[in-house]
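Work through these exercises with the model in view. Try each task before reading its solution.

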Amino acid sequence: MKIQESGENYLETILILQERTGNVHSVDIAREMNFSKPSVCRAVSVLRKAGHLTMAEDGQITLTSSGEKIADNIYARHRFLTNFLISIDVTPEVAAADACRIEHDISEETFARLQEHFSQK
């Protein structure tokens with residue numbers, strides 16, 4: 001089942017926060033994404049029911065293997081696309097924002113060909 005773009009963004013944010021701080025709670029996600037806590041709680045509930053994350057009794061959020069796979073994939077795309085756009089003289093801020101939009105829509109085939117093309121240079 002294909003996950004929606006918003007779900008991908010949440011999972012990517014959780015991955016980034018886990019790497020940065022080790023512990024993730026809903027309030028951390030809300031702060032990072034500049035969303036309301038009720039919005040984050042709803043998204044976390046949906047992602048938990050889909051099996052992409054777990055929540056401990058203390059509220060700590062952890063990605064499951066499926067959630068981590070999705071987050072890793074999206075974050076890898078984000079980093080690659082950001083670096084590619086910067087390499088063609090797009091400012092870092094614009095590159096990061098554009099990469100965030102592109103990362104969800106680019107096909108697996110096109111992304112793989114881009115990676116192959118630029119790894120040969």
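**Exercise 1.** Which residues does I29 touch, not counting residues up to four places away in sequence?

*Solution.* Start with the ground rules. This is a predicted model, where local features need pLDDT of at least 70, side-chain atom pairs count only at pLDDT 80 or more, and totals for chains, interfaces and linings use all residues. Residues are numbered from 1 along each chain as its sequence is written, and side-chain values use heavy atoms, with hydrogens and water left out.

Contact means heavy atoms within 4.5 Å. By that test, I29 touches Y10, T13, I14, L17, V24, N34, V40, V44 and I61.

**Exercise 2.** Find the largest nonpolar core and say which elements each supply at least two residues of this core.

*Solution.* First, the terms. A nonpolar core is a set of buried Ala, Val, Leu, Ile, Met, Phe, Trp, Tyr and Cys residues joined through side-chain atoms within 4.5 Å. Buried means under 20% relative accessible area, exposed over 50%, partly exposed in between (1.4 Å probe, protein chains only).

Next, the core. The largest one has 21 residues; Y10, L11, I14, I29, L53 and I61 have the most contacts inside it. At least two residues each come from α1 (5–21), α2 (26–33), α3 (37–49), β2 (61–63) and α4 (65–87). Helices (H or I, at least four residues) and strands (E, at least two) are DSSP runs, numbered from the N terminus. α1 gives the most, with five residues.

**Exercise 3.** Is R77 buried or exposed?

*Solution.* Locate R77 in helix α4. Its relative accessible area is 3%, so R77 is buried. Leaving aside neighbours within four places in sequence, R77 contacts E103, I106, S107, E108 and F111.
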